[in-house]
Amino acid sequence: MDITNSSAQADAATATAAATAPLTLALVIASDREGRFAPVIADWFRTRVAERADFTLTVVDLAETKLPTSLSYDPDPAVRAELARVTPVLETADAYVVLTPEYNHSFPAALKNLIDRHYTEWRAKPVGFVSYGGISGGIRAVEQLRQIYAEMHAVTVRDGVVLPNAHGQFDEDGNFKDPTGPESGAKLMLDQLAWWGRALKEAKSVRPYAA
């Protein structure tokens, strides 16, 4: 028996499995406002991800996450317990999609709080955006988030989903009246997240990211 050859075949099989295994995609739902519209958009986005074999989806919903805005290096037990629910989801993700509204030309405070409480979790991973709002569709919030995620050493992908006057784009059953544009944007974004997620994961398996 050729032990060397068997070992090489086993290594090749392991590498192939790693290269084809689905990436873990974390959806961060940024709105925690009472009566928010985010769940309608999130439900639609989940169906887009469910149709793909290259991702498994996890969710961080900030309406269900109780983190105070005061930061501390020694958080109290309640905050530690909340972080114990949220941080592992962000840490194990290979890529992220942030679903955010636009409030006063910016994004929700709950999202900034989440970002500020984490650092290495975002590092050297790709981030995509689904934004919604009034006439701007949330793009001003996204442009600010791109700067912040650059500071986190994350890579934001170019394409995303922008939903101006989002309420009017859905019917009473929560379906898009015309899904063509949003579905095209979601596919481009997910394709780019898959490429970057795979590329960055493979690179980090060879050498640590320099930060």
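Biologist: Hi! Which residue just after helix 5 takes a positive phi?
Modeller: That is histidine 153, with a phi of about 65 degrees. Keep in mind that this is a predicted model.

Biologist: Okay, and helix 5 itself: how far apart are its end C-alpha atoms?
Modeller: They are 19 Å apart. At 1.5 Å a residue, the 13 residues of helix 5 should span 18 Å, so the two values agree.

Biologist: Which residues of helix 5 are buried?
Modeller: Ala141, Val142, Leu145, Ile148 and Tyr149 are buried. Looking down the axis of helix 5, you find its buried residues within an arc of 120 degrees, so they line one face of the helix.

Biologist: Why would residues three or four places apart point the same way?
Modeller: Because an α-helix has 3.6 residues a turn.

Biologist: Nice. What is exposed on the other side of helix 5?
Modeller: Gln147 and Glu151 are exposed there.

Biologist: And what covers the buried residues of helix 5?
Modeller: The cover includes strand 3, helix 4, strand 4 (126-133) and strand 5 (155-156).

Biologist: Switching to charges: how many salt bridges does the count come to?
Modeller: The count comes to 13 salt bridges.

Biologist: Is glutamate 102 buried or exposed?
Modeller: Glutamate 102 is buried, with a relative accessible area of 14%, whereas arginine 140 is partly exposed at 33%.

Biologist: Which partner does aspartate 94 have?
Modeller: Aspartate 94 forms a salt bridge with lysine 201, with 3.6 Å between the closest N and O atoms. Here too distant parts of the chain are linked, 107 residues apart: aspartate 94 lies in the loop between helix 3 (77-92) and strand 3 (95-101), and lysine 201 is in helix 6 (residues 180-206). Aspartate 94 counts as buried at 12% relative accessibility, and lysine 201 is partly exposed at 39%.

Biologist: How about aspartate 191, what does its side chain meet?
Modeller: It meets lysine 187 in a salt bridge, 2.7 Å from N to O. Aspartate 191 and lysine 187 are four residues apart in helix 6, so about one helical turn separates them. Aspartate 191 counts as partly exposed, at 29% relative accessibility.

Biologist: Which residues are in a network with Lys187 and Asp191?
Modeller: Arg52 and Asp54 are, and the four are linked by salt bridges.

Biologist: New topic, strand 1. How many of its residues are buried?
Modeller: Strand 1 (residues 23-29) is mostly covered, with seven of its seven residues buried. Leu23, Leu25, Leu27 and Ile29 point one way, and Thr24, Ala26 and Val28 point the other way.

Biologist: How does strand 1 pair with strand 2?
Modeller: They pair in the parallel sense over seven bridges, strand 2 being residues 55-61. Leucine 25 has leucine 57 in strand 2 as its bridge partner. Between the two strands the chain passes through helix 2 (residues 38-50), and this β-α-β crossover is right-handed.

Biologist: And how many bridges are there between strand 1 and strand 3?
Modeller: Five, again in the parallel sense. There, isoleucine 29 stands opposite leucine 99 in strand 3.

Definitions and conventions
Residues numbered from 1 in each chain as written. Predicted model: local features only at pLDDT ≥ 70, side-chain atom pairs only at ≥ 80, totals over all residues. Heavy atoms only, no water. Buried < 20%, exposed > 50% of the residue type's maximum accessible area, 1.4 Å probe, protein only. Expected span 1.5 Å × (residues − 1). Arc of directions from axis to C-beta. Contact = heavy atoms within 4.5 Å. Pairing = 2+ DSSP bridges. Right-handed = clockwise from strand over helix to strand, strands pointing away.
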